[in-house]
Amino acid sequence: MTTHQDIPRGPGKPSARERRLAELNASAPEWGRIEHLATIGFGPSLRVERFRLRNGLSILSCEDHSAPVIAYHTWFRVGSRHEREGKTGLAHLFEHLMFNEVEGRKPGEFDRKLEEAGAESNAATWLDWTQYNIAIPKSQLPLVITLEAERMSRLVLREPQVTSEKEVVANERRYRVDDDVEGSVSELLWATAYTRHAYKWPTIGWMKDIEGFTTDDCADFYKTYYAPNNAIVVVTGDFAEKDVLKRIQHAYGNLEPSTIPPEDVQPEPPQTEERRIEVQKPTATDKIAIGYHGPAIGDFDHAAASLLSEVLFGGRASRVHQKLVRELEIASDVRIFVGPFRDPGLIEIYASAREGHSAEELLTAIDGELERVRTEAIPEAEIERARARIELSLLAGLETVDGKASTIGFYEAVLARPAAAFERLEAIAGVGASDLRRAARRYFVPARSMVLVRPQPRGLKEAAE
Amino acid sequence: MSALDAAAVAVSAPASRNLHVETSRALPLIAITVAARAGSVEDPPGKEGLARFSSRMMRRTAAGMKAQEIDTRIDSLGGSLASDVSHSTTAFNAAVIARSLEPFAALLEDVLGRPGFAESELALLRRETESELIEMRDNDRSLARRFFRQKLFAGHPYARPISGTIKSVRSFEGADVRALYQRLFTRDNLVVACAGMIEGAQAEELAARLSVALPSGAALPDTVTEPQLKSGRHLLIVDKPERTQTQILIGSRGTLPSDTDHFALHIANTVFGGTFTARMTREIRSKRGWSYGAYSSLPYDRRRQAFSMWTFPKADDAAACVKLELELLTDWREKGITKSELAWAKRYLVRSHAFAVDTAAKRVGLKLDADLYDLPPGYHENYIERLQAVTLDEANAAIRTRISSDDLLVCVVGTEAQIGSAVRDSIANLESSEVVAFDSE
């Protein structure tokens with residue numbers, strides 16, 4: 001399988017691409033000169049071309065002519081890690097505001113025009129990045145490039161819209177966190193596991209911070225982080241490279257770069273002892289969330305930790321599912337999540353007890369399985385099962401142009417390697433029992449954090465009966 | 001070379017008559033769906049959830065194997081296999097890395113044709129399903145959908161909870177499961193769809209193998225009648241403590257693909273609540289900030305399903321939001337949509353259709369739908385032309401004919417003590433109001 005490979009350009013006669021770029025650059029706007037930096041294999045049959053405008057805008061293009069559609073994603077290297085105490089949730093609120101009003105257009109026109117073009121669009125903010133994704137029929141690409149370039153530089157921020165959008169985000173928070181047991185427990189776990197690093201606050205922000213944002217906060221954030229030199233444009237699908245580059249050059253070529261401030265993220269000090277908290281929630285059964293400090297996505301052991309999580313929790317044949325759900329019948333659901341973040345994130349375990357069973361029983365059983373992988377070598381057949389699950393998941397995620405753009409954009413944003421998904425697959429193919437045992441011993445340590453959830457006593461059911 | 005790798009392998013039985021194939025060599029991946037034309041509507045009275053339970057039993061007991069062995073084999077082949085039950089269909093949706101097609105096909109044969117239905121697994125799944133039903137109570141959105149359907153379609157098979165109830169699941173016996181399996185999984189009751197890196201001949205062979213594995217038998221007759229809904233405005237509050245937010249579903253009778261105004265109503269619904277800039281989102285989210293989302297939907301089935309509006313404002317805004325939604329509904333019904341809205345919706349629907357057919361799996365999915373839901377001939381093939389042909393008068397007549405603002409159900413999941421009185425007051429001409437505990441089933 002082809003992996004990440006920067007193909008060098010040799011001396012001699014200019015290539016067809018070099019001639020095309022020379023033609024484009026002959027009449028380029030001030031900041032629009034395009035440079036081709038690399039050709040990178042993306043799986044067995046596709047390639048990612050890496051370009052950059054003079055203003056620093058990164059462009060990653062991946063032609064795929066299997067359907068007459070295109071995905072156009074814009075990733076900004078800003079997420080909740082760039083916020084500070086008292087202003088948490090600003091990156092996410094700002095993501096919402098990016099859909100409101102642009103100079104010269106009516107409020108809401110951005111979405112209206114995109115929908116009229118038949119587009120599917122959305123956005124997401126996380127710890128390390130913010131991304132805007134649009135998928136469109138191929139004929140509508142010029143509109144999308146224009147609209148995206150406009151909102152990168154000419155967004156209008158007014159008080160009524162900021163106020164209304166704060167309400168929307170507060171409602172999103174109620175939906176995803178406050179009224180959701182798992183959402184609220186996850187938030188609490190991260191806030192317990194981190195004491196200094198910016199990963200300790202939730203991307204959606206604390207409610208009091210959401211309520212306190214001003215229009216000036218938003219304008220400052222926009223001015224600071226929304227600039228071409230902090231952005232990555234990913235285009236995948238049925239297009240011609242020259243046409244796309246010409247349009248991007250025209251749309252973004254007059255945008256000046258800005259000075260992106262250096263990050264001010266504090267490293268998380270090592271956790272030296274277990275932190276355990278207990279809460280009551282309106283739920284029928286006990287739950288438990290356990291957080292182990294895990295690897296950053298660029299860490300050598302991230303692949304091993306991911307494979308180990310599949311052995312333990314991936315699917316119904318996994319060890320923990322077999323033990324807790326089928327054999328002991330003490331859990332209704334068990335899950336794991338290995339954080340794919342630039343800095344070390346959490347390996348987050350979540351389990352929900354069946355009626356009559358406790359969080360402590362879940363913990364004892366999970367601990368037993370974690371101890372096994374620390375002490376006993378995992379048989380190759382189990383590792384192979386886990387590998388196959390990861391491979392299927394990667395392939396399934398690449399079926400659409402949108403899936404390809406997401407994969408490319410994500411790995412570029414966190415690792416600056418757009419084909420790293422395939423590198424990971426190769427790395428995982430090479431991970432063996434020794435690596436898994438090392439990862440288990442490195443990460444599943446006593447100094448962990450956990451949230452135990454108890455059902456909140458109430459009189460409703462009794463009253464109803 | 002495996003049997004399925006060879007295009008000209010002799011087959012010992014005719015391939016299924018109901019086979020759809022979409023070949024694509026874009027990825028080394030194959031999607032396979034095997035679906036029966038019946039789902040939870042076949043659950044016997046008191047045995048709600050049996051179709052879903054039975055399909056899960058098939059997946060866990062194929063050829064007398066242990067569930068763990070089956071799961072391990074599926075995973076190790078780079079495959080996935082999930083059973084998915086709706087009111088009208090029972091489907092096994094599979095995906096597999098192309099190199100593993102042959103052994104995966106053999107496993108699929110075992111799942112479909114040789115389920116063991118071991119008693120020990122049956123008891124285990126009963127307890128597991130019960131715990132899942134308890135767990136589901138944590139999800140307010142699922143609660144809203146479940147109670148909404150039960151009340152709206154009361155007395156009709158569409159009211160049945162597909163997952164069953166704790167009481168019904170506890171009653172499942174091996175004989176129930178075997179009887180339902182024998183009714184649903186017969187040769188002529190199945191449709192097979194394959195997409196991805198699989199050629200037509202390979203798919204034919206796969207379908208033939210699956211067909212041979214099954215007992216012969218006629219397709220099940222569809223005996224489900226049209227649902228009759230209650231007249232008047234009714235309110236159901238699903239009382240759950242400590243809710244900062246509510247889940248609101250408002251709905252009534254919807255559409256049928258065979259309706260002459262089906263496409264006209266589809267366009268009108270797109271204007272009303274079908275997209276992010278439709279009237280509902282604009283009024284509820286963009287102007288007032290009351291909810292993260294606000295949409296209306298108009299799904300199709302073999303019988304008339306529900307038209308529904310969904311949003312989730314904070315508890316303090318719930319009553320005002322219900323009132324606003326009813327005003328929007330009345331306004332939509334009485335004044336209709338405008339010419340420019342019609343033109344906009346057509347452009348949106350026609351252009352975005354590209355994303356209904358951009359992968360082989362989606363394309364074959366449309367063909368499968370046509371079979372499973374008895375769609376009129378050419379439904380998907382002529383989709384764009386049918387949309388383009390809708391006039392403004394037809395769209396507005398469709399709303400008036402099909403959508404009622406007088407006969408409807410408002411279902412709210414929230415804390416009764418906090419919202420109940422205000423929500424009741426917000427609904428004019430309310431004929432009945434009921435409060436049920438969220439865990440009353």
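Domain bounds here come from an automatic or database domain assignment. This is a predicted model, where local features need pLDDT of at least 70, side-chain atom pairs count only at pLDDT 80 or more, and totals for chains, interfaces and linings use all residues. Residues are numbered from 1 along each chain as its sequence is written, while chains are lettered from A and ligands numbered from 1 in the order in which they are written.

**Exercise 1. Work out how the two domains of chain B sit against each other.**

Step 1: get the bounds. Domain 1 of chain B covers 3-213 and domain 2 covers 233-437.

Step 2: take the spacing. Their C-alpha centres lie 30 Å apart.

Step 3: look at the contact (C-beta atoms, placed from the backbone, within 7 Å). Domain 1 of chain B puts in 27 residues and domain 2 of chain B 22.

Step 4: find the main contributor on the domain 1 side. That's H5(B), residues 140-152, with nine residues. Helices (H or I, at least four residues) and strands (E, at least two) are DSSP runs, numbered from the N terminus.

Step 5: sort that side by class. You get twelve nonpolar, nine polar and six charged residues. Ala, Val, Leu, Ile, Met, Phe, Trp, Tyr, Cys and Pro count as nonpolar, Asp, Glu, Lys and Arg as charged, and the others, Gly among them, as polar.

**Exercise 2. Describe the packing of H10(A) and H11(A).**

Step 1: H10 (302-313) and H11 (319-327) of chain A have axes that come within 3 Å and cross at roughly 30°. Axes are lines fitted to C-alpha atoms, for helices over the stretch in contact, with angles from 0 to 180 degrees between N-to-C directions.

Step 2: H10(A) and H11(A) are therefore roughly parallel. The cut-offs are under 35 degrees for roughly parallel, over 145 for roughly antiparallel, 65 to 115 for roughly perpendicular, and oblique for the rest.

Step 3: name the residues. Val311(A), Leu312(A) and Phe313(A) of H10(A) meet Arg319(A), Val320(A) and His321(A) of H11(A).

**Exercise 3. Find what chain A brings to its contact with chain B.**

Step 1: chain A gives 57 residues and chain B gives 56.

Step 2: H5(A), residues 159-178, gives the most to the chain A side, with nine residues.

Step 3: by class, the chain A side has 20 nonpolar, 13 polar and 24 charged residues.

Step 4: check the predictor's scores. The complex gets an ipTM of 0.92 and a pTM of 0.94.
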